[in-house]
Amino acid sequence: MLDQMLVGPSLAEIRTLYDGKPDEFVKWSVAPRRKRPNVIEMPSMVHVGEEGLRAIHEHVMKVSKGVKVREQKEGDPFAGSPPHVARPQVQRIFMPDAGPAAIAIALDGNVSLCWDAGECRLRYVWTGGFIDGHPYWKGNGSSQAKIIGKVRYKESSAPIPLGEPSKFLGYRMEKGLPVLRYRMGPQYVTETFSPLPDGAGFSRKFTLDPPLKDAQPVTFPSDQNITYTSDKGKWSGSTLTLQAADTAEFTVRFSLK
Amino acid sequence: MKALILLTATCMNLTAATWTDHFSFEKIPNPPGIDPQVGAMGSLKDGRIAVAFHRGEVMIYDPSSSSWSLFATGLHEPLGLLVEDDGSILVMQRPELTRLKDTDGDGAADEYQTVFDDFGMSGNYHEFAYGPAKDKDGYLYIVLGVASNGAPIRKEVRGNFLEIGQVDRAGMTEGSDWGKNSKLAGRMYSRVPYRGWVLKLSPDGSKMEPYASGFRSPNGIGFDASGHLLITDNQGDWRPTSPLYDVKKDGFYGHAASLPWTKGWDGRDPLKIGVTELDALQQPAAGYFPQGELANSPTMPQIIPAGAFPDEMAGKTLIGEMNQPNLIRVLDDEVDGTFQTGLVPMFDKSPLGIGNNRMAFGKDGSLYVGKTALSWPGSNGITRIKWDGKPFLSLDRIKALKTGFALRFTEPLDASTIAKLSVKRHTYDYHQAYGSEKKDENNVKVNSANLSSDGKTLTLDLGELKEGYLHKLDMSGLRSKSGGEVFGDKAWYQVVKAPK
């Protein structure tokens, strides 16, 4: 590019750096090194040879004469793309504070969550919007997406201790929302998130196949601003104890305080 | 008047061969609002084209109505897709191989089934995942790119982190002194399982066999018509120029970073293994794309179907290219069981342009070329190319002989021009540094050039062929009997084995 950076500086910027300095230009072309963070490093042009590089220098100085470096436009040109603005929405992308096989899910226009397909568990829930994927999408994936809004809930482990190994099996879309499927220990599990009305929070339906043989405590973090309720079992603080038969299907509601 | 027309026709024949004389190039409209960088393409049985875009949409293009419909969304950097017989679509995205299925018949996928995800991810941007290619028995092959020291790894990784080499996990992780540590990490690195490997999967994805190692940035995997598993890779460390490989089970294909994932590996740091040992271990490339001339960043292999292009090209392989404004035809040859190739530019000096990442043929023989950049040099959108059905002069076949080459052309050559064919050859250095200059480049004397009685086969006597050398044939001076130039007027043939 004449006036805009792509891989390495624009020709106009090269002119500002190497005008009248062919020796330094050759040296730089052979060993460019990383000059800017978050930008792709220009590969060495050693294969061109010194004579060729000198000719390139001469050419660059000629064509870039009088050209000004263009300012890069900020913002995501595809922010309004139909799949991006659809709610609910599922988007797999590198996410902060999660493993690399992350799934971002917008339940509605307000409540969103990050589910980790590597560890097969919910990582966090936020309100106020979805993600800005432009930092990733504008390049080759060297930046993570940003969450839009505020994290309201976090989990540091799976609430049902079913054991290892865990294996992600994919998801089925129902009314725009994913029914996440995974195997954890001997159980096949599904997990479905839905928004609660009026932005009050979210609900989370679990199914276990086969259901457990014994009563099971399901422990959610106690230090969050959440009121937990459920359609089955008994609560003690943030721990829900389910009878064995209840583990086949149960729903927990997370009301944001 | 007649004379004038004849004169004009003759003059036209004498002007440069242009692809636009025989092919139309047309940009098809991008789907509204979508980032039009194409990561994957495939043909549906009914003639529609499935396209996966950078931000994870899979869309279906219907040429009969020039319209797009949305099939799936939200995938993570899809870079390969395969349309299955039942209409479901296998997509290779960064974290997994996924089967997309429309079970309710509404035209959009509702099932996103994880077929295979048992490989490592460090979160490094350069760990792209490619494929799948399907063999005749239904086994699937995927290939995993290695990480780049342009960035460290993330705090959380998927898979076991390998403590090997000069930098430990803390030093490899974001937040460390990467300016210093990156120099010790290797230009490209493989610290989570099977980065730099081809993995062979059972048809349902439940079983995996580590199949072959030694890959760097293999943005092209596919079977040719005779069942060779072809993989292209990019110039870089351990890659003197971009190679084409004929991949076999248990082969090591040159890039050292992946070696520690070999079963029974002795624990050595791959950066500390000498070139001689690695060179003895590696399988040779079946072809080389000279950097800056033919390809800098070759992409997917695609079989040319019958009827799409001239008959001689049916069943042959076409390869895409990101940085040079052309595609590449593979002219395959075999010497004593060794697959080796001549590579010829196609659509060079045409309106095609750069960024040619993926290809698919439509039912009517149209070639759809999907473009991307991902912040590297490239382009976006889809160009449709259609042949006019008329013949033109091109190199159809190249066969290595004990003393030279036999070249078969699609039309009889003008015997008075055959002396203009010239040959050069060079080799490359195999080393850890990024790329290699041409080494030992020499003109090769053409002792004799003999044309067959039908005028289509030209036999060159070069004295001998040199193993390990890339032979460049410049055919720009050749003309057909009717005065036509050669479309794709250069060929680069890598002599792995010279016939004895």
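**Close-up views of a predicted model**

Residues are numbered from 1 along each chain as its sequence is written, chains are lettered from A in the order in which they are written, and side-chain values use heavy atoms, with hydrogens and water left out.

View 1. Start with helix 2 (residues 22-30), where Phe25(A), Val26(A), Trp28(A) and Ser29(A) are buried. They sit on the same side of the helix because they cover an arc of only 165° around its axis; the arc is that of the directions from the helix axis to the C-beta atoms. Turned away from that buried side, the other face carries the exposed residues Asp23(A) and Lys27(A). Here, buried means under 20% relative accessible area, exposed over 50%, and partly exposed in between (1.4 Å probe, protein chains only). Helices (H or I, at least four residues) and strands (E, at least two) are DSSP runs, numbered from the N terminus.

**View 2. A salt bridge in chain A.** Glu174(A) and Arg172(A) join their side chains in a salt bridge, at 3.6 Å from N to O. The term stands for a side-chain nitrogen of Lys or Arg within 4 Å of a carboxyl oxygen of Asp or Glu. Glu174(A) counts as partly exposed at 44% relative accessibility, and Arg172(A) is partly exposed too, at 25%.

**View 3. A buried pair in chain B.** Look for Glu84(B) and Arg99(B), whose closest N and O atoms are 2.7 Å apart in a salt bridge. This pair links distant parts of the chain, 15 residues apart: Glu84(B) is in the loop between strand 6 (80-83) and strand 7 (89-93), and Arg99(B) is in strand 8 (residues 96-101). Both Glu84(B) and Arg99(B) are buried.

**View 4. A loop tied to a strand in chain B.** Asp429(B) and Lys439(B) meet through their side chains in a salt bridge (3.5 Å, N to O). Asp429(B) lies in the loop between strand 29 (422-428) and strand 30 (438-444), and Lys439(B) in strand 30, so the pair ties together parts 10 residues apart in sequence. Asp429(B) is partly exposed at 31%, as is Lys439(B) at 32%.

**View 5. A salt-bridge network.** Asp116(A), Glu119(A), Arg121(A), Arg123(A) and Glu156(B) are joined into one network by salt bridges that share partners. Over all chains, the structure holds 42 salt bridges.

Terms used:
This is a predicted model: local features need pLDDT of at least 70, side-chain atom pairs count only at pLDDT 80 or more; totals for chains, interfaces and linings use all residues.
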